Amino acid sequence: MTETPETTSQKTTKLAIPHPHEKDCAIIGVLEQLAPEQPTQGRRIALILHGALGHKDYLFQKRLAAKLPLDSFRFDFRGNHETPGPWHFGRFTNDILDLEVVVDHLTKEFGYIVDMVVGHSRGSVVGMLWLCKHREGAAKNARSFVNVACRYRMEKVYDDMEQHKEELQSQGYVLRKAIVARKPFVGRITRADYDEFANVDTSVAWEQFPSHVDVLTLHGLKDAVVPPYDAYIYARVYGARKPGTHTLRYVEEADHNFTGIPEVVVDTVLEWLRQQANNELKTGVWHTGIRDADCGGKSPNGRTSML
């Protein structure tokens, strides 16, 4: 594996993008630039999207942004961390609209071309839906999609609802508590929120996801939020396209947030991008045909091979 650079970004700028569809609201995000002294017109950019109850700098997002071989922008969706507005559990349409506002600003004010979308969990669903919706427009020049811990079977959210059935029945909502950017957060989830979440149609990826975009799917085998099986479904979806490729990597020790091992996501993405730049990507499982350290020099039963 090629050694990962310490950082590629030469300038970090915090932006406040006015939201035309939300009063007194600006989307807060961070722009990382590799060559800030050069014009941005026509330059390619990566968009990094956080998941539910997350923010622009959590997990692997900030580390990845600092090391990508292209400019990037990561931001807080409405109702999350520094971006004001109501928080909604089920309203994916709001997140897609936020992403559209961001892309419109970056393309019109800076001249950027969207090249890459990186999403974690809910952010991956939003990124996929945006790429499908704008495949003939703002997404037509995108070449890469990184799909981390992404849910396909949205109806499985009812499993969570079942675990909170008594709370939902007694008070009409579930309180979702979390620590976001070191601050306590409390959100309410109603039955209507669960229904709206469950009815998000991810099957559009089969017919509408851009055929030319290369996809990397990463999923932890210890993910207790989104079943690892969903990554297998996405492998079937994205692996059926040409000329775009799909690479699936399961990480044995990773949970939903890749807790304690964000570098696994960062290093995998950077190596995958190098493979893409060298036209080495092929649809299949990560490192097919390569004996990694975890395979060692031993046979499948654990005994040293004498062959």
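Trainee: Contact here means heavy atoms within 4.5 Å. Which residues does Tyr 238 touch, not counting those up to four places away in sequence?

Mentor: Tyr 238 touches Met 128, Phe 145, Asn 147, Ala 205, Phe 209, Val 215, Thr 217 and His 246. Bear in mind that this is a predicted model, in which local features need pLDDT of at least 70, side-chain atom pairs count only at pLDDT 80 or more, and totals for chains, interfaces and linings use all residues. Residues are numbered from 1 along each chain as its sequence is written, and side-chain values use heavy atoms, with hydrogens and water left out.

Trainee: What is the mean pLDDT of the protein chain?

Mentor: The mean is 93, and 94% of the residues reach 70 or more. pLDDT is the predictor's confidence in each residue, from 0 to 100. Over residues 299–307 the value is below 50, and that stretch has 6 contacts in the model beyond near neighbours in sequence. Where pLDDT is low, the predicted coordinates should not be read in detail.

Trainee: Back to the core. Which residues of the largest nonpolar core touch the most other members?

Mentor: Phe 73, Met 128, Phe 145, Phe 209 and Tyr 238, out of 56 residues. A nonpolar core is a set of buried Ala, Val, Leu, Ile, Met, Phe, Trp, Tyr and Cys residues joined through side-chain atoms within 4.5 Å. Buried means under 20% relative accessible area, exposed means over 50%, and partly exposed is in between (1.4 Å probe, protein chains only). A second, separate core has 27 residues, including Phe 60, Val 148, Val 264 and Leu 270.

Trainee: And the sheet, in what order do the strands come?

Mentor: The order is 1-2-4-3-5-6-9-10-11, an open sheet of 9 strands with mixed pairing. Two strands pair if DSSP finds at least two bridges between them. Helices (H or I, at least four residues) and strands (E, at least two) are DSSP runs, numbered from the N terminus.

Trainee: How many bridges join strand 6 to strand 9?

Mentor: There are 5 bridges, and the two strands, residues 144–148 and 214–220, run parallel. Asn 147 has Thr 217 as its bridge partner in strand 9. Both of those residues also touch Tyr 238.

Trainee: Which strands does helix 8 touch?

Mentor: Helix 8 (residues 229–238) packs on the sheet against strand 6, strand 9 and strand 10 (246–251), and its direction makes about 170° with that of strand 10. Axes are lines fitted to C-alpha atoms, for helices over the stretch in contact, and angles run from 0 to 180 degrees between N-to-C directions. Helix 9 (residues 262–277) also packs on the sheet, touching strand 5 (113–120), strand 6, strand 9 and strand 10, at about 160° to strand 9.

Trainee: What about strand 3, which strands does it run parallel to?

Mentor: Strand 3 pairs with strand 5 in the parallel sense over 6 bridges, and 5 bridges join strand 3 to strand 4 (residues 71–75), also parallel. Ile 45 stands opposite Val 114 in strand 5, while Leu 47 stands opposite Phe 73 in strand 4.

Trainee: New topic. How many residues of helix 3 are buried?

Mentor: 11 of its 12, among them Met 128, Leu 129 and Trp 130.

Trainee: And how far apart are the end C-alpha atoms of helix 3?

Mentor: They are 17 Å apart, which agrees with the 16 Å that residues 122–133 should span at 1.5 Å a residue. The expected span of a helix is 1.5 Å times one less than its number of residues.

Trainee: Which residue in the turn between strand 7 and strand 8 has a positive phi?

Mentor: Ala 181, at about 55°, in a hairpin with 2 residues between the strands. Arg 182, in the loop between these strands, also has a positive phi, about 70°, although it is not a glycine. Arg 182 counts as exposed because its relative accessibility is 84%. The two strands run antiparallel, joined by 7 bridges.

Trainee: Then Phe 258, buried or exposed?

Mentor: Buried, because its relative accessibility is 1%. Phe 258 sits in the loop between strand 10 and helix 9, with a positive phi of about 50°.

Trainee: Last one. Where is the cis peptide bond?

Mentor: It joins Lys 242 and Pro 243, with omega about 5°. Pro 243 is in the loop between helix 8 and strand 10.
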